Amino acid sequence: MTTEKPSSTLMIKCIAPALGLGLLVSPDTLVRLGDFTGRTGWPGWILLAGAMVVFFFLAAAGTGQETHDNPGIWQYVPLTVKLGAAIFLSTGILVSAGFVFNEIFLYWFPNFGFAFLLLGLVLGIQLMKIQTGLNIQALAVLLTLACVLPLVIGGMVVQGPVSPALPEQFPGFPVLFFPLMLWIGFDLAGLAPAHADTPNSEGNNRSNALGLTIAVSGILFLAWAVVSALHVPLDKLSGSTIPHLRAARSIMGDAGRYLMGGAVIFGTFSAVNALFLACRISGTTMARNGALPKTLGKPVVIPLVLALCIGLMMALGMAGSERLENWIQAVFILWLMTYAAIPARRFKRKKSPIPALLAIWIAAGSVFLLFSGESPLLTISYLIIILGVSLAPGLIFTLASKQGAPKKHNQPHN
Amino acid sequence: MKKIFAFLIPVFAFALFAAYGGSDSSASIVTKETLKGWMDNGSVAVLDARQGRDWSSSEFKIKGAHRTAPAKIADWKSGFAKDQKLVIYCA
């Protein structure tokens, strides 16, 4: 496998979108999408398309470059949400992938054994060059899509047992914002173009990569929502913890289970690898800019710390705790809030109405989603903890610079 | 060669850890045939003690099993007779 910098075309069309699609093809996204489809029926497809447009506008507003030009006390928030997602979401989805492997492919293989093996595999890849990790990421996303696409095509071709209808109950106002959660992580596509061979066109590369990520994921989400609603009754999709497996089984029987099992495992690998890569790229960039201690800028440090945290959490049984879902929800909502900050900053500069509307919509969505989940108070407390961890280093830097120590801006700190 | 070792060492370390933590030999195990017989007789209550992802990620749920949280034993133990045979499954 080559470790040379790829051409910008390959980067835009394949590698960067694969990094952006990493989280978007994770099994948790499929669960959210299935639940959303079950709650909304066919009107949900319109909401999905609407959310896709919102994210196109967000990409145009400059999402995906916040780690490069966001100085001050807020500069650590994007990195912290990625680290938080890498620890909490990875713990959850690795364990889920272990169960899928155990229940679908090899019943005698311990589920936790598979989860640790997958984590070890990601860590092993992270100990190589970033470009190798990016290339493997592209392969993993392609394999995930290769497992899902036959199901989508099969679901469209084979007559489903149900006709998509309206849900029996009105799903409530917060459902309008549910699709926003599906695209969280799309901005990771913006981190990869710095590795292309044409650094001068990095801005354009980034926009194109983000646009392609949103388009591919949007088509995939819409297609999967349609086939799920055609093959599984809405009330069986909503509230199910495995709506994607139900739909796959209904479309192709046992073959569908195997295909979806493959999609879950490759999707989990894609999500965890993407998060590790994103933390690594952001961490090394910030360390190079003096915003983090140089030790953290070493390529192996962040992946090793992340793997240790995830390994410990899995070993301590955190995946068996309902609180893990609150941590994941807190991280995701904070991540969504960072998206609101970008158009808000643009509105401050240009006073244009579109960024203002975007910022208001996403901020309102964050609040509604926060209160519509399980145990919102617990989620809020976790969100405050994560925010506190994000802001503390920035505050220290700001205070240090106000006390007349400007040189510390370029010095690593502990 | 160095790269291959860098790749393989964490994979094997995690696999070893996983293998070590994979099973608990002190737990007594019931075969599915025996359990089915007990369930058919109605002489057993099956408790699904899986929590969080352990439960939500699984495709397999035993019909008629009661979901119970191990940490809340005080809340649910009174729901079963003292001489009731209980089978708990947690993974």
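How many helices and strands does chain B have? After that, please take me through helix 9 of chain A: at which residue does helix 9 bend, and which residues make its contact with helix 5?

Modeller: Happy to, with the reminder that this is a predicted model. Chain B has four helices and three strands, arranged along the sequence as α-α-β-α-β-α-β. Of its 91 residues, 10% are buried, and 49% of its contacts with a separation of 6 or more come from residues 24 or more positions apart. One residue to look at there is Lys77(B), in the loop between helix 4 (73–76) and strand 3 (85–89) of chain B. Lys77(B) counts as exposed because 11 other C-beta atoms lie within 10 Å, and the cut-off for exposed is 12 or fewer. The C-alpha atom of Lys77(B) is 18 Å from that of Gly42(B), a residue 35 places away along the chain.

Now to chain A, the setting for your helix. Chain A has 14 helices and zero strands, and buried residues are 53% of its 414 residues. Among its contacts between residues at least 6 apart in sequence, 81% join residues at least 24 apart.

Helix 9 covers residues 243–288 of chain A. What does its span tell us? The helix has 46 residues, yet its end C-alpha atoms are only 44 Å apart, where a straight helix at 1.5 Å a residue would reach 68 Å. There is also a bend of about 140 degrees in helix 9, at Met252(A). Just after the helix, Gly290(A) has a positive phi of about 85 degrees.

Helix 9 is mostly covered, with 35 of its 46 residues buried. In soluble globular proteins, nonpolar side chains tend to be buried together. Here the largest nonpolar core has 132 residues, and those touching the most other members are Leu19(A), Leu94(A), Ala97(A), Ala115(A), Leu275(A), Met314(A) and Val331(A). Helix 9 gives the most to this core, with 21 residues.

Two packed helices are described by the angle between their axes and the distance between the axes. For helix 5 (residues 111–126) and helix 9 of chain A, the angle is about 35 degrees and the axes are 10 Å apart. Helix 5 passes helix 9 in a right-handed crossing. From helix 5, the contact uses Leu118(A), Val122(A), Ile125(A) and Gln126(A). From helix 9, the contributors are Thr268(A), Phe269(A), Val272(A), Asn273(A), Phe276(A) and Arg280(A). An α-helix has 3.6 residues a turn, so residues three or four places apart point the same way; keep that in mind as you read the numbers.

One last stop in chain A, for comparison with that glycine. Most residues other than glycine have a negative phi. Ser375(A) has a positive value, near 45 degrees, and sits in the loop between helix 13 (353–372) and helix 14 (376–402) of chain A. Ser375(A) is partly exposed because 14 other C-beta atoms lie within 10 Å.

How values were computed: Residues numbered from 1 in each chain as written. Chains lettered and ligands numbered in written order. Predicted model: local features only at pLDDT ≥ 70, side-chain atom pairs only at ≥ 80, totals over all residues. Helix = DSSP H or I, 4+ residues; strand = E, 2+ residues; numbered from the N terminus. Buried ≥ 20, exposed ≤ 12 C-beta atoms within 10 Å, placed from the backbone. Contact = placed C-beta atoms within 7 Å. Core = buried A, V, L, I, M, F, W, Y, C linked by C-beta atoms within 7 Å. Expected span 1.5 Å × (residues − 1). Bend = angle between axes of the 7 residues up to and from the residue. Axes fitted to C-alpha atoms, helices over the stretch in contact; angles between N-to-C directions. Left-handed = near helix turned anticlockwise from the far one by under 90°.
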